[in-house]
Amino acid sequence: MEPTSKLSDRVINAIQKDISQGKYKPGQKIPAEPELMVQYAVGRSTIREAIKTLAMTGILRVQQGAGTFVNETVQAESLDQRLRRADFEEINQVRRMLDYEIVKLAAENHTKEDLHQLKALLEQRKKAILEHQYQQCLEADIAFHIAVAKASGNNVLADLFRSFTTVIRDFFTKRDTQSISHFAISHHLHEQLYKAIKSGNAKLSRQVMEDILDNNY
């Protein structure tokens, strides 16, 4: 059975999502406990724990005898906060949109300096895998993809991807718990991506990127 603390975290995230998407607006009363229990498929104690936490953080306001309301002063989530609540499939979908265009442009616009940087980061990634150095592997992997974004020649895309890496890093940490297995399994694909970009083959670069993301679980 899932611990109550984790269940309450899930409900907290769900309520915050509902607020951010306008289901519950500032000043609006949220449903009573029985309805919330059905809606989020949890017990009364979990609902109470979630509401207590959200009230302490100022998102909800509990009014004795009247019910629980969304605080009038609650502010919309920042993009970073929203991204951190996203599930892994949502993150991967956004990565696909960014990376497909990035690798296409990288194949078309890369410089010799870009290729040198990509090769060096691939070697760092491989070395970290062989030495079972999780953190170094994670950083080399992210740096490699940032370098690919830079090689696209599109500064806006590169900046978008660089901002997005904070969320990617967070998901890697949650997923792997210090295991390098996912990095090891996909290393040959990263080498193929480098070769496809180097050859200037945009179509192949996209195909390899798709394989990388399909094996990103």
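Rings of Phe, Tyr and Trp (its six-membered ring) form an aromatic pair if their centres lie within 6.5 Å; planes under 30 degrees apart count as stacked, over 60 as edge-to-face and the rest as tilted. This is a predicted model, where local features need pLDDT of at least 70 and side-chain atom pairs pLDDT 80 or more, while totals for chains, interfaces and linings use all residues. Residues are numbered from 1 along each chain as its sequence is written, and side-chain values use heavy atoms, without hydrogens and water.

View 1. Tyrosine 134 and phenylalanine 183 sit 6.1 Å apart, centre to centre, with 55° between their planes, so the pair counts as tilted. Tyrosine 134 belongs to helix α7 and phenylalanine 183 to helix α9 (residues 181-185), so the pair ties together parts 49 residues apart in sequence. Helices here are DSSP runs (H or I, at least four residues), numbered from the N terminus. Both tyrosine 134 and phenylalanine 183 are buried (under 20% relative accessible area, 1.4 Å probe, protein chains only).

**View 2. Here α7 runs alongside α10.** Their axes (lines fitted to C-alpha atoms over the stretch in contact) come within 12 Å and cross at roughly 15°. The two helices are therefore roughly parallel (angles under 35 degrees). Asp141, Phe144, His145 and Val148 of α7 meet His190, Leu193 and Ile197 of α10.

**View 3. Now zoom in on isoleucine 102.** Beyond its neighbours within four places in sequence, isoleucine 102 is in contact (heavy atoms within 4.5 Å) with Val148, Ala149, Ser152, Leu157 and Phe161.

How values were computed
Buried < 20%, exposed > 50% of the residue type's maximum accessible area, 1.4 Å probe, protein only. Axes fitted to C-alpha atoms, helices over the stretch in contact; angles between N-to-C directions. Parallel < 35°, antiparallel > 145°, perpendicular 65-115°, else oblique.
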